[in-house]
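Colleague: Hi! Could you walk me through this model, starting with the pocket?

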Amino acid sequence: MLTAKITEKMISFYEGSLHDISHFMKVYAYAQTIGRLEGLDEKTQLALEISAVVHDIACPLCRQKYGNASGTHQEQESEALLLPFLEEFGLEKDILDRIVYLVTHHHTYENIDGVDYRILLEADYLVNAVESGYSTEAIKTFVDTVFLTQSGLRIAKSMFGL
């Protein structure tokens with residue numbers, strides 16, 4: 001129920017931006033699916049799911065402030081938005097800290113320090129690859145170098161015929 005309430009608030013936050021809403025909902029669905037297939041514990045799964053919902057919270061601000069929503073800008077601007085956005089939900093400090101960490105690193109592909117981080121990268125990439133029309137070669141290279149979860153690999157290979 002908690003993730004559903006955060007999802008509803010995020011839909012409202014995007015003020016009718018159908019692309020942004022559709023994007024985070026797809027990332028959330030992939031992250032939830034991969035996390036469950038990988039057998040994450042309840043707290044890690046919760047942090048992953050919430051992170052997937054709010055991972056692009058800084059996009060509207062970045063577009064307004066910088067004229068684009070580059071990954072670097074998103075990572076820089078996310079924390080200041082996340083803390084007040086999530087405050088009302090009474091998350092445990094360790095879960096909140098992990099969400100902030102994941103969201104402020106979701107465009108960083110080095111020093112990946114947990115399966116939840118890996119899954120968020122995989123889920124976001126699956127959606128970005130489709131939305132941006134990445135070439136099969138680019139997808140294969142990324143999947144071969146970044147995807148490590150067995151479930152994420154199976155999904156990517158099935159989706160893209162790899």
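## Pocket and helix packing

Modeller: The lining of the largest pocket has four nonpolar, six polar and five charged residues. (Nonpolar means Ala, Val, Leu, Ile, Met, Phe, Trp, Tyr, Cys and Pro; charged means Asp, Glu, Lys and Arg; the others, Gly among them, are polar.) This is a predicted model, where local features need pLDDT of at least 70 and side-chain atom pairs pLDDT 80 or more, while totals for chains, interfaces and linings use all residues. Residues are numbered from 1 along each chain as its sequence is written, and side-chain values use heavy atoms, leaving out hydrogens and water.

Colleague: Which residues lie nearest the centre of the largest pocket?

Modeller: His19, His23, Asp56, Cys59 and Asn128, out of 15 lining residues. (A pocket is an open set of points on a 1 Å grid over the protein atoms alone, where a 1.4 Å probe fits, with protein on both sides within 12 Å along at least five of seven lines; lining residues have an atom within 4 Å of a point.) Helices α2 (18-37), α4 (59-66) and α7 each give two or more residues to that lining. (Helices are DSSP runs of H or I, at least four residues, numbered from the N terminus.)

Colleague: And how much space lies in the largest pocket?

Modeller: About 170 Å³, counting the space filled by probe spheres set on the points.

Colleague: Switching topic: how do α2 and α3 pack?

Modeller: Their axes are 8 Å apart, at an angle of about 165 degrees. (Axes are lines fitted to C-alpha atoms over the stretch in contact, and angles run from 0 to 180 degrees between N-to-C directions.) That is why α2 and α3 are roughly antiparallel. (Over 145 degrees counts as roughly antiparallel, under 35 as roughly parallel.)

Colleague: Which residues of α2 and α3 meet?

Modeller: From α2, Phe24, Val27, Tyr28, Ala31, Gln32, Gly35 and Arg36; from α3, Gln45, Leu48, Glu49, Ala52 and Val53. (Contact means heavy atoms within 4.5 Å.) By class, that contact has seven nonpolar, three polar and two charged residues.

Colleague: At what angle do α1 and α3 cross?

Modeller: Roughly 10 degrees, with the axes of α1 (residues 2-13) and α3 coming within 9 Å. The two are therefore roughly parallel. Leu2, Thr3, Ile6, Thr7 and Met10 of α1 touch Leu46, Glu49, Ile50, Val53 and Val54 of α3.

Colleague: How about α3 and α7: which residues make the contact?

Modeller: First, the axes of α3 (residues 42-54) and α7 (residues 115-132) come within 10 Å and cross at roughly 30 degrees. The contact involves Thr44, Leu48, Ser51 and Ala52 of α3, plus Asp116, Ile119 and Leu120 of α7.

Terms used: Angles under 35 degrees count as roughly parallel, over 145 as roughly antiparallel, 65 to 115 as roughly perpendicular and the rest as oblique.
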